[in-house]
Amino acid sequence: MSNNKYDAIVIGSGFGGSMTAYQLVRVGMRVLMLERGDWAQRGPENWGLQGSIDLTPHYDKSSPLRVVAGGNKKVMGLYSCVGGPSVFYGGVSFRFRERDFEPEKEITTDSGAEWPFRYRDLEPYYTQAEKLLNISGETGVDPTEPFRSAPLPQGPAPLAGISRQVKSAAEQLGLRPFQLPLAINYSDKNRNGCVQCTTCDTYACAIGAKNDLSVMVLAGLIDRGMTLKANTVVTRLHVGKGRIQTVECISRETGERMQFESNLVILAAGALASPKLLLASGLQDLNPGGHVIGRYLMRHVNAIIFGIFPGQADKENRFHKQLAILDYYFGHPGTSFGKLGSLQQMPTPPKGLVQNAVPGVLGKLLSLGVPLLTGLLAIAEDQPQYDNHLRIDPDQKDRFGLPQAVISHHYSKRDLAALDILAGEAKKILKKTGALTHYVHHIRTFSHAVGTVRMGFDPATSALDECCRFRGINNLYVVDGSFMPTSAALNPSLTISANALRVGEKITTN
């Protein structure tokens, strides 16, 4: 067998790619994983001012995204590393609710968005994903909690002092806060355990106590024979006779161009990079739903409501992204909306990010006020809109020869109104906690991007079938967040993981 021929090629090592690869390797398939980024280094530098992802080389600007509407900058980079976003995320690992898989017309409007399966179909894979990632948390408190066939693998960590204050304040307002499900190691004595440091969300864990994919899944797959090529940029998918015949790529380190062949191609480069590669390869012309590729970009409408306290908010200086409040997930008694979203505790922001956002002496002065802050993240579900999209500009190419991605995104009036309601409730909680006033920081990154190569029953309105197979090409599957028809109002990582396990199992049993 040629060294360039594999049973399966997986493009991307994030949640979709890693979990699908897990199923393929488990049955003995010869798998090649291609990852654009490098391995994240672990050590004391991760705890420093430059440890947050936007300040590291893993915020990759070698293929810049041009943003004509939306976004926090006119030119943005991609997050690239082995393990994908899991290495730098805050570990929040929610299941979508049952009703998220049957969205109301209020959310879908005329978009044609539909989930071709229900929560019950995904539930066993949620359980499997939680076990693989050793998720911690509590059950039986969340008023919207869906049915589960098994408890979470770990119980929650003790609450920080500021978390206890927020919890008490919320309960006094008649709410039912509970501890977030987190991919963090609190109980496995064979690994480093969490030391409750404040450099977790947006940081690679210095001691490997975060249960990211590079620690929990990829190392084991490599031990079992999977080949992982880091620093490898996929530039084109070549088609012949209705199948992907070769995957073309280039080494970021040496510039060497390579081609690989396989019977199966799993695309999991992310909700921005995957549609870009499909469009750059001209595959939209082979798909009856090709016109939706890059369309219906969703990214949650969200904001952090920071309370400004009279003294240090987190007096223990410890990790406190611990609580969730979902009492308004399916509506608010004072409004006509049927679906709003979630509130999640957010820690004091990193000083390094403040200094990066506001350079010079002013940034350093502002960062001195950071200890006075702690907050709540409001996440509202955004409507899938055809005009929110990523396209490619063939006249602008990066150093790998890929056309530039161009993004345009606007929130609907309904999106923004839902966020305002959640933000108002967050302010009440923070005031009850002891905040003197508040500051609202709108999040304009694409960290929760989904929906750009969506699945569905109708070939005219969806690019993927119910098994995430790319219509028109027999051996191509897309399993990152781009498959989602709607965004729900919760972090998408566990749902991406569960769906990838589902798709991987179907591939191996068909």
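This section describes a sheet, the helices packed on it, and a separate strand pair in a predicted model.

The sheet is open and holds 6 strands. Their order is β6-β13-β14-β15-β12-β18, and the pairing is antiparallel. Strands β6 (178-179) and β18 (437-442) form the edges, each pairing on one side only. Within the sheet, β12 (residues 301-308) pairs with β15 (residues 373-380) in the antiparallel sense. This pairing runs over 8 bridges. Across it, N302 stands opposite I379 of β15. Strands of a sheet pair through backbone hydrogen bonds, in either a parallel or an antiparallel manner.

Two helices were examined against this sheet. Helix α4 (residues 161-172) lies across β13 (323-325), β14 (341-346) and β15. The helix runs at about 20 degrees to β13. Helix α9 (residues 413-433) also packs on the sheet, where it touches β12, β13, β14, β15 and β18. The direction of α9 makes about 150 degrees with that of β15.

The two helices also pack on one another. The angle between α4 and α9 is about 115 degrees, and their axes lie 8 Å apart. The crossing is right-handed. From α4, the contact draws on I162, Q165, V166, A169, A170 and Q172. From α9, I429, K432 and T433 take part.

Helix α4 itself has 12 residues. From its first C-alpha to its last, α4 reaches 17 Å, close to the 16 Å expected at 1.5 Å a residue. Its buried residues are G161, I162, S163, V166, A169 and A170. These buried residues pack against β13, β14 and β15, and against α9 as well. Among them, I162, V166, A169 and A170 are buried and also belong to the contact with α9. Just after the helix, G174 adopts a positive phi of about 85 degrees.

A further strand pair involves β2 (residues 8-11) and β3 (residues 31-34). Here the pairing is parallel, over 4 bridges. Strand β2 is covered on both faces. A8 and V10 are buried on one side, and I9 and I11 are buried on the other.

Terms used: Residues are numbered from 1 along each chain as its sequence is written. This is a predicted model: local features need pLDDT of at least 70, side-chain atom pairs count only at pLDDT 80 or more; totals for chains, interfaces and linings use all residues. Side-chain values use heavy atoms; hydrogens and water are left out. Two strands pair if DSSP finds at least two bridges between them. Contact means heavy atoms within 4.5 Å. Axes are lines fitted to C-alpha atoms, for helices over the stretch in contact, and angles run from 0 to 180 degrees between N-to-C directions. A crossing is left-handed if the near helix is turned anticlockwise from the far one by less than a right angle, and right-handed if clockwise. The expected span of a helix is 1.5 Å times one less than its number of residues. Buried means under 20% relative accessible area, exposed over 50%, partly exposed in between (1.4 Å probe, protein chains only).
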